[in-house]
Amino acid sequence: MPDPKETVEAILNGAAGKMAPGASITSRLERPRNPAHGDFASSVALQIAGALGRKPRDIAEEIVRATKDEIARSGACEPLEIAGPGFINIRLKHGSKLDAIRVILEQGAAYGRVRAATPQKVQVEFVSANPTGPLHVGHGRQGALGDAIAALLEAQGHAVTREFYYNDAGAQIEKLALSVQARAKGLSPGDAGWPLEAYNGEYVADIARDFLAQGGNAADLEAMRKFAVAYLRKEQDADLQAFGVKFDVYYLESSLYAEGKVDDVVKKLVASGKSYEKDGALWLRTTEYGDDKDRVMRKSDGGYTYFVPDVAYHVTKWQRGFRKVINVQGTDHHSTVVRVRAGLQALAIGIPQGYPDYVLHSLVKVTRGGEEVKISKRAGSYVTVRDLIDWVGRDAVRFFLVSRKADSEFVFDIDLALQRNDENPVYYVQYAHARVCSVFAQWGGDPAGLAGSDLAFLKSERELALAQRLAEFPEVVASAAQELAPHSVAFYLRSLAGEFHSYYNAERILVDDEGVRMARLALCAAVRRTLANGLSLLGVSAPEKM
RNA sequence: GCGCCCGUAGCUCAGCGGAUUAGAGUAUUGGCCUCCGAAGCCAAGGGUCGUGGGUUCGAAUCCCGCCGGGCGCGCCA
């Protein structure tokens, strides 16, 4: 069945287009804040008023007159009203408001998901922590964000690959090996002989102990390096599993070197004429692509800077067929955005300018008892993802970390996340779900039969508002996917849960009248379904009991 | 100093391809369980949307300056 919203929008915009030929009509129906202004409103008359040089209110009247018959024929809504400076307010018919309930019950887990008109191969790269220490809270934010973005894009019908890039080559791994070696020799941070550049966390001592326990030779730095990387990868994998994040591909930086891809990129960049030698180093003219200074590719000591393998890595993404790539990183990496894109452009192999997309998040501060928590026993100088999960549980960590837009700084309040009441948004939403479940448990009937309920028994404002809120879900998902902004799903769930709690307090579901009871149960089943589908996009469980 | 991001109620934050009277949570205050989970609900108070200009019939939303904060400015990653 056609969506009444789209029908009305098309009719109004069509009429406006006739009145103002040549003007671009991009007006979408909006949901007025004030319910007195109807279910939707169009501001198209205001939009074209400037071009026509006429009063918007007059234009609105003309549009309403011109579309009156067509609107009536479509049956999508009540007669249009004009308000304020020239808004056209639209009121849906009761029946169409309730349609969503039936759709939800029919679609089940698929509600909110669509088949893409043009499905794409999409890659989301996130976390990508170096195997030099436990995952920190920033990685947690990337994990929650990246996994939710991937889920949103899947819900839009795309084929999504979740990828983790391991920097297992280079200076930081050397630093790790030396740190383990120092620990193996019995040294601690601050001792004479402790490396100047070292990882000082307790975990390094654990690695050294395990290495020695397995008969490792403290003089064999190479063996220690391999052991330490394997050890930390295993630990990170365990943390990610506890966090509920699964990757499809782990891509190793070392493989880029091993397969000659780094050399290959350098050759191509030299051939492109965008590079030059200076001070014994090889530079790339990234300033031609918006960078504020040119960048070194090959240092005078012959080694490559990190950005060369980065470019090589992104070439493989393109070659693997990912036409849409999203990298989730902390804002402290924002300078790499221009650099990587510049490198890809300089190669001139047909990669579009804005490739890849980036979602950059700002820092996470953890507080407890009003004080910032800065250290963890294991990692030393930072709080780990494992710490957060141990303290407040996976659901709370994931919901919290995804409940703010990426570019806002986030204060993770441990005390709040531990509350098991309405102050804690995760519990509030999960509780709404558990509450619906308990109604069904009490009722004891078969929910499968609810699809046939006569929804005309739902008459109260609250019920209609709740049904309409449910109907918004697919739009929320679509726009969150479009904007790469999962936080809007979290906000939506918070408000849906709120409306359900209100409704639950105001009306009894299991009333004696069978018609009313069945209709209300159908509404509740739709609420339960939508909450569960939304939580699942965020990687948060929807418990039946709490 | 330069670049990017941010500045909305006491606090944490939505809203920002302009549009009808600025939202939510929390905190504060006052109500609601003989009845489906009170892990909940209802209500009240609380904001010159950092600041000064500009564009517009109309700006929290767009543009410019300034102030404040974050991040980055390496032949580190």
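## After helix α12

Ala348 follows helix α12, and its phi is positive, near 50°. Helices here are DSSP runs of H or I with at least four residues, strands are runs of E with at least two, and both are numbered from the N terminus. The model is predicted: local features need pLDDT of at least 70, side-chain atom pairs count only at pLDDT 80 or more, and totals for chains, interfaces and linings use all residues. Residues are numbered from 1 along each chain as its sequence is written, while chains are lettered from A and ligands numbered from 1 in the order in which they are written.

Helix α12 spans residues 334-347. Its buried residues are Arg339, Val340, Arg341, Ala342, Gly343, Leu344, Ala346 and Leu347. A residue is buried if 20 or more other C-beta atoms, placed from the backbone, lie within 10 Å of its own; 12 or fewer make it exposed, and counts in between partly exposed. The cover over these residues includes α10 (261-271), β8 (281-284), β9 (295-298) and α11 (307-319).

## Ile351 in the loop

Ile351 sits in the loop between α12 and β11 (357-361). Ile351 counts as buried because it has 20 C-beta neighbours inside 10 Å. Leaving aside neighbours within four places in sequence, Ile351 is in contact with Trp318 and Leu344. Contact means that the C-beta atoms of two residues, placed from the backbone, lie within 7 Å.

Val383 is 32 residues from Ile351 along the chain. Their C-alpha atoms are separated by 38 Å.

## The five-strand sheet

An open sheet of 5 strands runs in the order β6-β5-β4-β10-β11, with parallel pairing. Its edge strands are β6 (249-252) and β11, and each pairs on one side only. Neighbouring strands are turned by 25° against each other on average, direction ignored. Two strands pair if DSSP finds at least two bridges between them.

Strands β4 (residues 121-125) and β10 (residues 324-330) pair in the parallel sense over 4 bridges. Gln123 has Val325 in β10 as its bridge partner. Helix α5 (residues 137-155) packs on the sheet and touches β4, β5 (159-166), β10 and β11. The direction of α5 makes about 160° with that of β10. Axes are lines fitted to C-alpha atoms, for helices over the stretch in contact, and angles run from 0 to 180 degrees between N-to-C directions.

## Helix α14

Helix α14 (residues 394-401) is mostly covered, with 7 of its 8 residues buried. They are Asp395, Ala396, Val397, Arg398, Phe399, Phe400 and Leu401. These buried residues pack against α5, α13 (385-392), β14 (410-413), α15 (414-418), α16 (425-443) and α18 (487-506).
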